[in-house]
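User: I would like to learn how to read the surroundings of a ligand, step by step. Could you guide me through an example?

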Amino acid sequence: MNSKSEINRIFKLQSDPINTTRLRNSSYKERVEKIKRLESFILNESNHQIIADALYKDLRKPNEEVITTEITPTLLNIKHVLKNLKNWMKDEHVPSPITMVGMSSYVKYESKGTLLLISPWNYPIFLSLYPLIYAIAAGNAIILKPSEISSYTSKAIANMVQTIYEEHEVAVVEGSVEEATELLKLPFNHIHFTGSPNVGKIVMKAAAENLSGVTLELGGKSPVIIDGTGDTKEIAEKTAWGKTLNCGQTCIAPDYVLIQEKELESFISEFKTAVNKFYNTHNNGLDKAAEYGRIIDDKNFSRVETILNDAVKKGATIVFGGRHIKEDKFMEPTLLTNVTNDMLVMQEEIFGPILPIMTYNKNSDVIQLLQKMPSPLAIYIMSSKKKNIEYFLDHTVSGGVGINELMLTPVNPGLPFGGINNSGMGKSGGKHSFTDFSNEKGIVKKNFGNLLKLVYPPYKKSIFKYFKHIVRL
Ligand code: NAD
């Protein structure tokens, strides 16, 4: 835990203009070297093991998932930065309009200064390190506050940062709301927050006091729309995977299903088959499966349990799963039908392995429902009909879309990743993150002549006639 005075000391050290100017003017080579330090650290086998052990203690994350969902995406982002940074750092020349003859215009990407990164617990390595990589690439000083809930991993991140970076470059402040609140009082140049919409509002209010820039990567209810024209087995398998990966604790996990009435039974049947195939091949029960994770803590377990109990109390039917063991924070993947909008399960982000299913008859019913709900991080359209895909794409608002695919937008650093309004603000990933953490400084430079003097008073009629001519006024 870092005390208030310690937090202030680190911020003062990092935001000292001598430090920020030095980092801002750091060369491509220096930045690459810093990012490579992180890469080498992660690639080292014993460090990798420390990270994997921490993730197991926090989330019972199987080593395979550590590799696929934490380490690999982090390393791929590093590769992407190393490949593109030289280009991103270059001044970007833009054409000048006719009123600027004799001048050139360009954008200089310079660091914003001192950044605060606040990360959540569900993918604590990836969601801490990928913003960090881009923040370093853009030449900033950074304070990272990982989640207190994934405490073992946060400690591992703190040790890693201490080992490979100087405090004036990157520092980790471990802690919870108290420490985050102290940090948020400080005039950071930019705050990148990943977490819930409720805390996102707190972050944005605090940022307003200092007019700090903000990027909010939030959550929400991402629906899967199934119109019955696709391959039900494949769709059910993908949905089951998305809903059970990390025990449903993924920001872009399928939150609920909207399915054509006639497709309901076969979807349920294929979903059950898929879950059993993934986690129950020996018929020992899912609680014995090494591949199946747990709800992170008691508080979140109670939250998900309340959502489930509320649904059942209000008339929902459990058609699959439903078993949960509090002491083990184990919850079976659970399918609910007869779901209505007044249930918590349709009002709050579930962030757990419960999947409510609602049926529809007309495509317009789907749109009517979605238009009443806040715009989600993602919408998944499962259909083989081009007309339906375009209809759902054109009539819905979301941060991203998966068409017959699930949860893959953040995997491609060429795509902007992020939400809209309740699901977030600003986009991350690849160049989007680099730009987000940079001040895009617009620069106009005189090359020859002095065109400006033509508009000095006393005004000459001919000049204004010329201006009117240009815009056909
Ligand atoms: P959270 O909002 O509770 O916490 C996120 C971070 O904010 C943590 O570091 C926490 O310590 C800090 N925090 C908590 N309360 C705070 C307060 N009052 N003031 C300042 N800081 C505070 O979120 P979580 O439970 O860690 O993560 C789950 C949420 O994150 C879900 O809503 C999920 O959808 C979202 N999420 C979004 C993304 C994305 O990329 N869009 C990724 C992962 C998770």
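User: Which residue has a polar backbone atom 3.3 Å from an oxygen atom of the ligand?

Analyst: A polar contact is a pair of N or O atoms within 3.5 Å. Here the residue is Gly-195, whose polar backbone atom is 3.3 Å from a ligand oxygen atom, while a backbone N or O atom of Ser-119 lies 2.8 Å from an oxygen atom of the ligand. Please keep in mind that this is a predicted model, in which local features need pLDDT of at least 70 and side-chain atom pairs count only at pLDDT 80 or more, whereas totals for chains, interfaces and linings use all residues. Residues are numbered from 1 along each chain as its sequence is written, and side-chain values use heavy atoms, with hydrogens and water left out.

User: How many residues are around the ligand, and which come nearest?

Analyst: A residue is near a molecule if one of its heavy atoms lies within 4 Å of it. There are 27 residues around the ligand, and Ser-119, Glu-148, Ser-196, Leu-218 and Glu-349 come nearest.

User: Which domains give residues to the shell around the ligand?

Analyst: Domain bounds come from an automatic or database domain assignment. Both domain 1 (4-218 + 423-441) and domain 2 (223-403) give residues to the shell, so the ligand lies between them.

User: Where is Phe-351, and what is its phi?

Analyst: Most residues other than glycine have a negative phi, and most peptide bonds are trans. Phe-351, although not a glycine, has a positive phi of about 50°, and its place is in the loop between β13 (334-337) and β14 (354-360), where strands are DSSP runs (E, at least two residues) numbered from the N terminus.

User: Which residues does a cis peptide bond join?

Analyst: The cis peptide bond joins Pro-457 and Pro-458, with omega about -5°. Pro-458 has its place in the loop between β18 (438-446) and α16 (461-471), and helices are likewise DSSP runs (H or I, at least four residues).

Note on methods. Polar contact = N/O pair within 3.5 Å; in protein donor to acceptor, adjacent residues only side chain to side chain.
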